[in-house]
Amino acid sequence: MPRGRKGLVDTSLLEAALIGFGQMRKDIDEKIAGIRGQLGRGDTVAAAAPRRTLSVAARQRIAAAQRKRWAAVKAQAKPAVAKRTMSAAARNRIAAAQRKRWAELKKAQAKKTVAKATVKKATAPEKTATAAT
C-alpha cells in the first residue's frame, strides 16, 4: 500500500504490469518468427543452401557474356563533351586586366609607405629637440 508522498508503490500492481508486458513481448516474438518463416529465413544455420561450384569453362562463358553486356552499355554512353578553351585574345585581355589591378594595388601600398615615412620624419626631430632641452 502507498505510504505518504514518497511511499512505496503497490507491488501487486507492478507484478501485474510485468506479467502483461511479458505476454506482449511473447506475442511480438511469435509475430517476428512468423514473418521470418514467410520470408524463408529460419533461425537455424542449417537452412542455408550449399554453394554451387562452377567449372572453369562456365565461369569463362559468364565473364565473356558480362564483358559483352558492358561493351554494349559503354557504346550507348554519351561521348564526352570537349572542354572549352579560351582564345589567345581573351587570355591576353584577362592578363592585362590583372596586371592593371596589381599595378594599382602596388601604387596604393607605395603611397601608404611614403605617408608613414613622412609622419615618422616629422615626429622624429620634435623628439630629439625635446630630449636636448
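1. The expected span of a helix is 1.5 Å times one less than its number of residues. In this predicted model, helix α1 covers residues 11-39, 29 residues in total. Its first and last C-alpha atoms lie 42 Å apart, close to the expected 42 Å.

2. Directly after α1 comes G40. The phi angle of G40 is positive, near 90°.

3. As to overall architecture, the protein contains three helices and zero strands. Along the sequence, the elements follow the pattern α-α-α.

4. Confidence should be read by element. The mean pLDDT of the protein is 82, with 78% of residues reaching 70 or more. Among the elements, helix α2 (residues 56-76) has the highest mean pLDDT, 94. The lowest mean, 82, belongs to helix α3 (residues 88-132).

5. The accessible surface of the protein amounts to about 13,300 Å². Carbon and sulfur atoms contribute 62% of this surface.

Terms used:
Residues are numbered from 1 along each chain as its sequence is written. This is a predicted model: local features need pLDDT of at least 70, side-chain atom pairs count only at pLDDT 80 or more; totals for chains, interfaces and linings use all residues. Side-chain values use heavy atoms; hydrogens and water are left out. Helices (H or I, at least four residues) and strands (E, at least two) are DSSP runs, numbered from the N terminus. pLDDT is the predictor's confidence in each residue, from 0 to 100. Accessible areas come from the Shrake-Rupley method with a 1.4 Å probe; for residues, only the protein chains shown count as cover.
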